[in-house]
Amino acid sequence: MMIKPEITKLINDCDSVYSLVIAVAKRSRDLAAEAEEGRVRLYDKPVNVAIDEFSSHKLKVVDRLYK
């Protein structure tokens, strides 16, 4: 697990705080669903994994979604 990123860095990488919150929430729900189905194994809470993915640039916020 990586050290928690600064919120200002995450906000600077996207258009708005709202976009970031929506994208992290959506990704968290997707991760939780995948873990429940057995497709992925989570090393932390879904929201923490989602934040880690955005902060490490594995995903980026695009039009209030993620890619």
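How many salt bridges does the count come to? The count comes to four salt bridges. The points below set out where several of them lie in this predicted model.

1. Overall architecture. The protein chain contains three helices and two strands. Their order along the sequence is α-α-α-β-β.

2. Burial and surface. Of the 67 residues in the protein chain, 30% are buried. The chain exposes about 4800 Å², and carbon and sulfur atoms supply 55% of that area.

3. Contacts across the sequence. Considering contacts between residues at least 6 apart in sequence, 54% join residues at least 24 apart.

4. The side chains of Asp30 and Lys26 form a salt bridge, with an N to O distance of 3.7 Å. The two residues are about one helical turn from each other because they lie four residues apart in helix H2. Asp30 is partly exposed, its relative accessible area being 23%. Lys26 is likewise partly exposed, with a relative accessible area of 30%.

5. Glu53 and Arg27 meet through their side chains in a salt bridge of 2.7 Å, N to O.

6. A salt-bridge network. Glu37 forms a salt bridge with Arg39, and the closest N and O atoms of the pair are 3.0 Å apart. Both Glu37 and Arg39 are exposed. Through salt bridges that share partners, Glu34, Glu37 and Arg39 are joined into one network.

7. The loop residue Arg41. Helix H2 spans residues 17–37 and helix H3 spans residues 46–55; Arg41 is found in the loop between them. Arg41 counts as exposed because its relative accessibility is 80%, and the cut-off for exposed is over 50%. Arg41 and Leu31 are 10 residues apart in sequence, and their C-alpha atoms are 9.1 Å apart in space.

8. Points to inspect. The partly exposed residues Asp30 and Lys26 may be examined next.

Definitions and conventions: Residues numbered from 1 in each chain as written. Predicted model: local features only at pLDDT ≥ 70, side-chain atom pairs only at ≥ 80, totals over all residues. Heavy atoms only, no water. Buried < 20%, exposed > 50% of the residue type's maximum accessible area, 1.4 Å probe, protein only. Contact = heavy atoms within 4.5 Å. Areas by Shrake-Rupley, 256 points an atom, 1.4 Å probe, with all protein chains shown as cover.
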